[in-house]
Amino acid sequence: MNTKARANARLPPEVNRIVFVRNLPFKITSEELYDIFGKYGALRQIRKGISGKTKGTAFVVYEDIYDAKNAVDHLNGFNVAGKYLICLYYQ
Amino acid sequence: QTPSLSQPYWQRDVNDRNRPFTDEELDQILPSQGFEVIKPPEGYIPI
């Protein structure tokens with residue numbers, strides 16, 4: 001999407017830059033996370049779940065709200081190592 | 001007329017929603033319990 005179209009695209013209220021990801025493979029590495037999510041825009045921060053309850057989840061924070069929307073639109077249902085990613089906007 | 005007024009509402013809204021996060025803000029918004037902030041790989045260049 002060229003930047004001009006992005007600049008005036010309105011965004012629904014629930015869209016924001018923090019994407020909560022579920023159903024990640026437990027063994028996924030930082031490099032893989034940055035590779036998969038970094039394709040859609042500059043990453044501000046990624047927090048990976050490391051405890052029993054939070055394993056397989058992550059918070060992916062983008063610098064730009066349009067990149068976050070682009071990532072969710074493309075990565076929700078994306079197959080990683082046989083598991084389908086669930087990407088939601090963090091509320 | 002100040003620039004911010006000349007922009008339509010949703011443009012100011014989007015700019016506001018795009019205001020950069022500080023680390024402190026992220027620590028307030030996101031849980032730290034059970035999560036680790038992972039280090040970007042060496043060659044990571046934000047596109």
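A salt bridge joins the side chains of A:Arg44 and B:Asp23 in this predicted model, with a nitrogen-to-oxygen distance of 2.6 Å. Two salt bridges are found across the interface of chain B and chain A, and 18 residue pairs, both members at pLDDT 80 or more, are in polar contact between these chains. On the side of chain B that touches chain A, helix 2 (9-17), helix 3 (23-29) and strand 1 each supply at least two residues. By class, that side of chain B comprises 16 nonpolar, six polar and six charged residues.

The contact draws 28 residues from chain B and 36 residues from chain A. About 2,800 Å² is buried between the two chains, with carbon and sulfur atoms giving 60% of this area. Within chain B, the most area is lost to chain A by B:Arg17, B:Phe35 and B:Ile38, which together account for 24% of what that side buries.

The two chains are also linked through strand pairing, in which strand 2 (residues 43-49) of chain A and strand 1 of chain B run antiparallel and are joined by three bridges. In this arrangement, A:Arg47 stands opposite B:Val37 of strand 1 of chain B.

As to confidence, the model scores ipTM 0.83 and pTM 0.87, while chain B has a mean pLDDT of 87, with 89% of its residues reaching 70 or more. Confidence in chain B is highest in strand 1 (residues 35-37), at a mean of 97, and lowest in helix 1 (residues 3-6), at a mean of 66.

Notes:
Residues are numbered from 1 along each chain as its sequence is written. Chains are lettered from A and ligands numbered from 1 in the order in which they are written. Side-chain values use heavy atoms; hydrogens and water are left out. pLDDT is the predictor's confidence in each residue, from 0 to 100. Helices (H or I, at least four residues) and strands (E, at least two) are DSSP runs, numbered from the N terminus. Contact means heavy atoms within 4.5 Å. Buried area is the accessible area (1.4 Å probe) that two parts lose on being put together, summed over both. A salt bridge is a side-chain nitrogen of Lys or Arg within 4 Å of a carboxyl oxygen of Asp or Glu. A polar contact is a pair of N or O atoms within 3.5 Å; within protein, one must be able to donate a hydrogen and the other to accept it, and residues adjacent in sequence count only if both atoms are side-chain atoms. Ala, Val, Leu, Ile, Met, Phe, Trp, Tyr, Cys and Pro count as nonpolar, Asp, Glu, Lys and Arg as charged, and the others, Gly among them, as polar. Two strands pair if DSSP finds at least two bridges between them.
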